[in-house]
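Look at the sequence and the model shown here before reading on. The notes after it are grouped by topic.

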Amino acid sequence: MNTEQHLDKARGILAGLAKLDPVTDTLAIIDGTMIAGYHLGNGALHAHGVTGPSVHYNTPSKFEVPPATLPAAVKPVYDVFAELEAMRSQYVRSPNQPDAQSAVQAQKLLARMAALCGVVSK
Amino acid sequence: MQIQEHLRRAASFESSARKLDPVEDTELYVVYLMRAGTSRVNAALHALGITDVQASAARIGDLNHTYKPPLGAEPPAEVKAMFEPLSFIENLRPQFVRGPSKLTAELVQSCRRAHEQVVARSAAIIDRLKAPAT
């Protein structure tokens, strides 16, 4: 997948997440932001020549590129993606109970990541 | 995670999936059915005593996927019967979640059928094990 394909996927996922309610779809929103983050993160890596279109990292914790060496335009994207991954670990893959505010926080992080990548929802 | 919490989370992901268009929202739809199925399988594995509600040095806790962490021993047939349809959903991810494709109407039906099988097969285990002995 190339940069534009990733960003197009991200736009679609943002639109899907907008159908959900932070109060009743808390877990789904937190989990879904990671899926959009995957496409934004890999799109940013491709756009700035860190990886080619055939190399993808599922999560920030699986990045094989040291974060400190990322281009200045990619590092903030990586940092937000890492925050989304931390939220998934904290709530989706553990018994911790997220509240609506947690889902709103994930939405805000994703919005920041999308803005950094120049993406708006479809 | 306790059995009831797994079942509550499964229901939550299933409810969220129902709010989506399975084709237009392919990526989220596939992941939510996978999460729901994984939660139901985890509940059944705890009921069977194959995994623990909390991981320890000696025992596996919750699975993130049918293959992760590996169970270590050959699972019984009823566990394989839950894993098979859940694997079908998991295996959609490279092409439809991380890849460029959208589900077709036919694949949506296959996905729903697979999830229904996970629900029915896990529920059969949980219901059997919570039923009083006769």
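Where is the place of A:H39? A:H39 sits in helix α2 of chain A; helices (H or I, at least four residues) and strands (E, at least two) are DSSP runs, numbered from the N terminus. This is a predicted model, in which local features need pLDDT of at least 70 and side-chain atom pairs count only at pLDDT 80 or more, while totals for chains, interfaces and linings use all residues. Residues are numbered from 1 along each chain as its sequence is written, chains are lettered from A and ligands numbered from 1 in the order in which they are written, and side-chain values use heavy atoms, with hydrogens and water left out.

**Surroundings of A:H39**

- A:H39 has a relative accessible area of 0%, so A:H39 is buried (buried means under 20% relative accessible area, exposed over 50%, partly exposed in between, with a 1.4 Å probe and protein chains only).
- Apart from neighbours within four places in sequence, A:H39 is in contact with A:M1, A:H6, A:K9, A:A10, A:I13, B:V97 and B:R98 (contact means heavy atoms within 4.5 Å).

**The interface of chain A and chain B**

- Chain A gives 30 residues to the contact and chain B gives 26 residues.
- The size of an interface is often given as the accessible area lost when the parts come together.
- About 2200 Å² is buried between chain A and chain B, and carbon and sulfur atoms give 49% of this area (buried area is the accessible area, with a 1.4 Å probe, that two parts lose on being put together, summed over both).
- Of the area that chain A buries against chain B, 25% is supplied by A:K9, A:K19 and A:R93, more than by any other three residues.
- Between chain A and chain B, 19 residue pairs are in polar contact, both residues being at pLDDT 80 or more (a polar contact is a pair of N or O atoms within 3.5 Å; within protein, one must be able to donate a hydrogen and the other to accept it, and residues adjacent in sequence count only if both atoms are side-chain atoms).
- On the side of chain A that touches chain B, at least two residues come from each of α1 (3–17), α2 (26–47) and α3 (75–92) of chain A.
- α2(A) gives the largest share of that side, 8 residues.
- The residues of that side of chain A are 13 nonpolar, 10 polar and 7 charged (Ala, Val, Leu, Ile, Met, Phe, Trp, Tyr, Cys and Pro count as nonpolar, Asp, Glu, Lys and Arg as charged, and the others, Gly among them, as polar).

**Salt bridges**

- Side chains of opposite charge can pair when their charged atoms come close.
- Over all chains, 18 salt bridges are found (a salt bridge is a side-chain nitrogen of Lys or Arg within 4 Å of a carboxyl oxygen of Asp or Glu).
- Across the interface of chain A and chain B there are 5 salt bridges.
- A:K19 and B:E24 form a salt bridge, with 2.9 Å from N to O.
- This pair crosses between chains: A:K19 is in the loop between α1 and α2 of chain A, and B:E24 is in the loop between α1 and α2 of chain B.
- A:K19 is partly exposed at 35% relative accessibility, and B:E24 is partly exposed at 46%.
- A:D25 and B:K19 form a salt bridge at 2.7 Å, N to O.
- A:D25 belongs to the loop between α1 and α2 of chain A and B:K19 to the loop between α1 and α2 of chain B, so this pair joins two chains.
- A:D25 is buried at 0% relative accessibility, whereas B:K19 is partly exposed at 35%.
- A:E4, A:D8 and A:R11 are linked in a network of salt bridges.

**Aromatic pairs**

- Over all chains, 4 aromatic pairs are found (rings of Phe, Tyr and Trp, the last by its six-membered ring, pair if their centres lie within 6.5 Å; planes under 30 degrees apart count as stacked, over 60 as edge-to-face and the rest as tilted).
- The A:F63 and A:Y78 rings have centres 5.1 Å apart and planes at 55°, so this pair is tilted.
- A:F63 is in the loop between α2 and α3 of chain A and A:Y78 is in helix α3 of chain A, 15 residues apart.
- A:F63 is buried at 12% relative accessibility, and A:Y78 is buried at 14%.
- Ring pairs link A:Y57, A:F63, A:Y78 and A:F81 into a cluster.
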